[in-house]
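Work through the exercises below with the sequence and the structure in view. Try each task before reading its solution.

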Number of protein chains: 2
Amino acid sequence: MKKKNDGAIGSTMLEVAGRAGVSAMTVSRVLRNPQVVSAATRIKVRKAIEELDYVPDQAAGALSSGRSGFIACIVPSLDNSNFAETVRGISEELSNTALQLLLGYTNYSVHSEENLVRTMLQRRPEAIILTGGDHTDRTRRLLELCEAPVIQMWDTPAKPLEHVVGFSNADACGDLVVRLHECGYRNPGFIGGTTNRDTRGTDRREGFITATKALGLPADRIISSGIPPISMQEGAHALVQMLERWPDTDAVVCVSDLSAFGAITECRRRGWSVPERVAIAGFGDFEIAANNKPSISTVYVNSFGLGESVGRIVKQAIASSNQGNKLAPQFVTTEYRVVLRESTAS
Amino acid sequence: MKKKNDGAIGSTMLEVAGRAGVSAMTVSRVLRNPQVVSAATRIKVRKAIEELDYVPDQAAGALSSGRSGFIACIVPSLDNSNFAETVRGISEELSNTALQLLLGYTNYSVHSEENLVRTMLQRRPEAIILTGGDHTDRTRRLLELCEAPVIQMWDTPAKPLEHVVGFSNADACGDLVVRLHECGYRNPGFIGGTTNRDTRGTDRREGFITATKALGLPADRIISSGIPPISMQEGAHALVQMLERWPDTDAVVCVSDLSAFGAITECRRRGWSVPERVAIAGFGDFEIAANNKPSISTVYVNSFGLGESVGRIVKQAIASSNQGNKLAPQFVTTEYRVVLRESTAS
DNA sequence: CTGTTAGCGCATTCAC
DNA sequence: GTGAATGCGCTAACAG
C-alpha cells in the first residue's frame, strides 16, 4: 500500500466528510447528485470541499462505479487542421458531460494504432473513436472483446466495426474530377504519397482512377512521391515529374491542399502559370486554400461537424448503455463540397 | 458496486491467476517486474494472459500503487505545428516508459486552462506540463497543492512555478529586428493579435518594441488585428493597414509565419513586390516558410527538441521522486535561430 | 521465488 | 435525506 496521499492532492472524501460533519457518502452525493441532498448539508459540504481544496480521485471513482469517464480517440496526426478540427468538434460536443478525451496519434501507422488501443483499453474507455477503417487483426479482436462502443470516422468502411461517421474520400475526389471535366479538362493527373499508410489518401487516388475511367479520360497519370501525409515540397517535386512525364497534363489533383500549394508554388517558381499552363486542385479546404494566390480549388470537408456527430453518437451510445440497451449501429455521412477557385479555370 | 466486468474487457487478474495456477500477485509481478518471477511461472502466466485476452485495469493499479501513469500536458491549441511537434517530442521521449500523455488544449484561454487543470488533477497526474507562464491564481494554487512536478514550456517566465523549458520569445523577436536592421531596414512594423491571450505573441511584440527602441528606430508601428492566433487573412488585412498608416514602412515582422504568409500574399495580389516594396518576416519556421515564393524570413524554433527536453525532465523528476527526493528546479533554454530568406533583402 | 493480507478512495446497495 | 457496510481490481509489504 502506498503511503497516505503519496503524490495525491490534499484530502480524501472521508476527510471532507469529517470536516462537514457528515458521512463520506453524503459528500459523494453532493459531488455527483446534489439535488438529492438537503440544501443545508450541501452548503456545509461544499464549504468543507473549498476549505480543504478537495479534488476527487477519479481512479477510485472509476474503479468503484465501473465508469472511467474516458473516451479514447485515436487520430493519425495532431498536426493536421482536419483532425484537429474534428477533435475540437468532439470536445465541444462532450463539454457539457463528465467525459474526458484520451487522445492518441498513430503517425499513420496501424501498428502504432494497435499499441495505442491496447494502452488505452487499460483505462477502460467508455467509447473508442478510431480514424479510418484500416486496422490490424489484433486491434479488431481487442475492440470486439471490449464492450465499449466503437466509432470509425473520416471514412466509410465497407465492413464497419460498429458506428461510422464520415464520407467517401473516393467519391469526394471523384466529384472533383467530374467538376474539372466539366471545366474542360481532359488530361488530369493525381499526386499522392508512395504508400497506403494514409488510407484516406489512397481512397482519394482510387476515386480519381474510377472517375477518370468513367469519363473516358486517361487514368494512369499518377505520381507517388513521399511518405504520406506528403509535404509541400513533395507536392512541388511530384508536379515537375508529372509534367515531364505527361507534358500535356492539363489538371492535377493533389491528395491534400498542402501538396497542392507546393505544386502551385513550384509552378510560380518556374514561370508556369496556374491554371493556364496547368490547373491544380487540392483536398481539405485548409486555411491556405482560400488565402493563396491563386486561391486553390479543393474539396471542403466539414471536419468540425464530423467531430460533433461523433460526439453526439458517443453520448447516445453511453446513454443507451446506461439504460441497459445498446445503440444500434449508426452510419452518418458528413458533408463535403467541391470548391472551385482560381487554381482551376471555370 | 458495479456488476462484474460491466463495461470492462474480459477477465481480472484473479482469473488469470486461477488459469495459470498461481496467485494474483504473481500475475502482477509478471506484468510489471517479470525478472523476479521464475521463467517457468512466467511462461504459464503469459499463456493464461494470452488465452484470456487479459487487459489489466490501470485505474485499479493506480489506486493501489498511488501512481496514475499519467502526465498531464496542456497546450493552447492542437492545430499548430509548433505545439504538435512539441507534443511529438514529449511522446517520443516518454515512449520507452509506462507513462501516458493526458492531452488538453485551452484555445489560448487561461480560464479554460484552469478548468482543464482541475479536471486533470482528478486523474492524479505524475507531472504537469503547461504552456507559457500565464495562469490564473486558482490554477497556481491548485498546482502548488498537488505535489506533482510542474513544467512550464515555450516561455521563460520570470517567476517559474518549478521547471522551465523554453526560450525568450521577446529576445528571439528582438534578434530578428536586429538582423533586419543589419540588412538596412530602418522603419519596421509589427503585426499581431488584438489581445494578450497568446502570451508568446505578446512577448514577441514586446521584444519588437524593445529592440526597435534600442536601435533608435520607430517603435510604434504596430497593427493589432484579430484574436490570436491570428489567421492568414488577418495578416493580409493588417499589412494593408500598416502601409496605409505608415507608407514608408520598409519591413514588417509578423507574429507568426501564417500571418506573414497572408501579408505576403496580399502584397502579391496588389502588385507590391516583396521584399522590394516592403520586407516581411514571420515567426516559427513552419513548413510554409521555406516553401513559399518568396520564401519567408522567420525565426526557427526547435519545437520537437523542446518537447524532448520536457520529456527528459519529466522522467528525471519522477525518478527522483521514486527515490524519495525532489528534482531541483530545472531551467532549460532551447534553441532558436533567425533564418533570413527571400521575403527580406540581404 | 511465491503467497497472504490488507487497503488504496470511492460509489453502489440497502437500511433507516 | 442520510449513513453503514461492502467491494471494484490491483499492488505494497511482509512472510515464508
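**Exercise 1.** In which sense do strand S4 and strand S5 of chain B pair, and over how many bridges?

*Solution.* This is a predicted model, in which local features need pLDDT of at least 70, side-chain atom pairs count only at pLDDT 80 or more, and totals for chains, interfaces and linings use all residues. Residues are numbered from 1 along each chain as its sequence is written, while chains are lettered from A and ligands numbered from 1 in the order in which they are written.

Step 1: find S4 at residues 150-153 and S5 at residues 163-166 of chain B. Strands are DSSP runs (E, at least two residues; helices are H or I, at least four), numbered from the N terminus.
Step 2: the two strands pair in the parallel sense over three bridges; pairing requires that DSSP finds at least two bridges.
Step 3: Met153(B) has Val165(B) in S5(B) as its bridge partner.

**Exercise 2.** Which rotation superposes chain A on chain B?

*Solution.* Step 1: a rotation of 180° with 0.0 Å of shift along its axis does so, with RMSD 0.1 Å.
Step 1: in chain A, the C-alpha nearest the axis belongs to Ala59(A), 2.5 Å away from the axis.

Key:
Copies are superposed by least squares on the C-alpha atoms of residues with pLDDT of at least 70 in both.
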